[in-house]
Amino acid sequence: MTSNYISVPGLKADADLSASQFDFVKLNASADFQIDAISAAADDILGVLQNKPEASGQAADVAILGTCKVRAGGSITRGNKIKVAADGEALAATEITDGSAADEEIVGQALESGADQEIIHIVLTGNRGNRAT
C-alpha cells in the first residue's frame, strides 16, 4: 500500500530526527517551522514524520492528514483507533471518548495489524492537539 497524505510545506528538523521516522512529532516551542520528537504524553501533536532528517535544518516531511506510515509501540489490530505514546509511537486506544478527563486523544485508525516496532499504515485524522482536561 502506498501512503497518500497532506503535509506541511517548509518544515525543518530541530535536531537529528533520523531515529524518529514514522513517529509522531510536535512543533518546536521556540523556532518557527521547526519540529521536535514527542517527549511527553501531554505534547500537542502536529503529525507523523515520514522522512529521516539527519541534522538540524534538514527538511521534514510531516503527514498531518490522510494515509501514512507509523511505528507501532505495541500490538495493533486493523481497525483499532490510534493514540500516541509518550515516545511518539502509535498505540491502540482502549477507551471510547465520553468527555471525561480520562479520555484518550484518538488520532487515527489502523488499516493493518502490526506488532511492537513494526511499521503499519493508518488513516491519520484531524483531531490532534485537543486533549481532554
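Q: Which residue in S10 is the bridge partner of threonine 67?
A: Valine 123 in S10 is the bridge partner of threonine 67. The model is predicted: local features need pLDDT of at least 70, side-chain atom pairs count only at pLDDT 80 or more, and totals for chains, interfaces and linings use all residues. Residues are numbered from 1 along each chain as its sequence is written, and side-chain values use heavy atoms, leaving out hydrogens and water.

Q: What makes S6 and S10 a pair?
A: Two strands pair if DSSP finds at least two bridges between them. S6 and S10 share six bridges, so they pair. They run antiparallel.

Q: Why does the stretch 12-13 count as strand S2?
A: Strands are DSSP runs (E) of at least two residues, whereas helices (H or I) need at least four; both are numbered from the N terminus. S2 covers 12-13, so it qualifies. The chain has 10 strands and zero helices.

Q: Why is aspartate 23 called buried?
A: Buried means under 20% relative accessible area, exposed means over 50%, and partly exposed lies in between (1.4 Å probe, protein chains only). Aspartate 23 has 6% relative accessibility, so it counts as buried. It is found in the loop between S2 and strand S3 (24-27). Across the chain, buried residues make up 42% of the 133 residues.

Q: What does aspartate 23 touch beyond four places in sequence?
A: Its contacts (heavy atoms within 4.5 Å) are Gly47, Val48, Leu49, Arg71, Asp87, Gly88 and Glu89.

Q: What makes a set of residues a nonpolar core, and which residues have the most contacts inside the largest?
A: A core is a set of buried Ala, Val, Leu, Ile, Met, Phe, Trp, Tyr and Cys residues joined through side-chain atoms within 4.5 Å. The largest has 17 residues, with Phe24, Cys68, Val70, Ile76, Ile82, Ile122 and Leu124 making the most contacts inside it. Strands S6 (62-71), S7 (81-84) and S10 (119-124) each give two or more residues to this core. A second, separate core of 10 residues includes Leu17, Leu46, Leu49 and Ile64.
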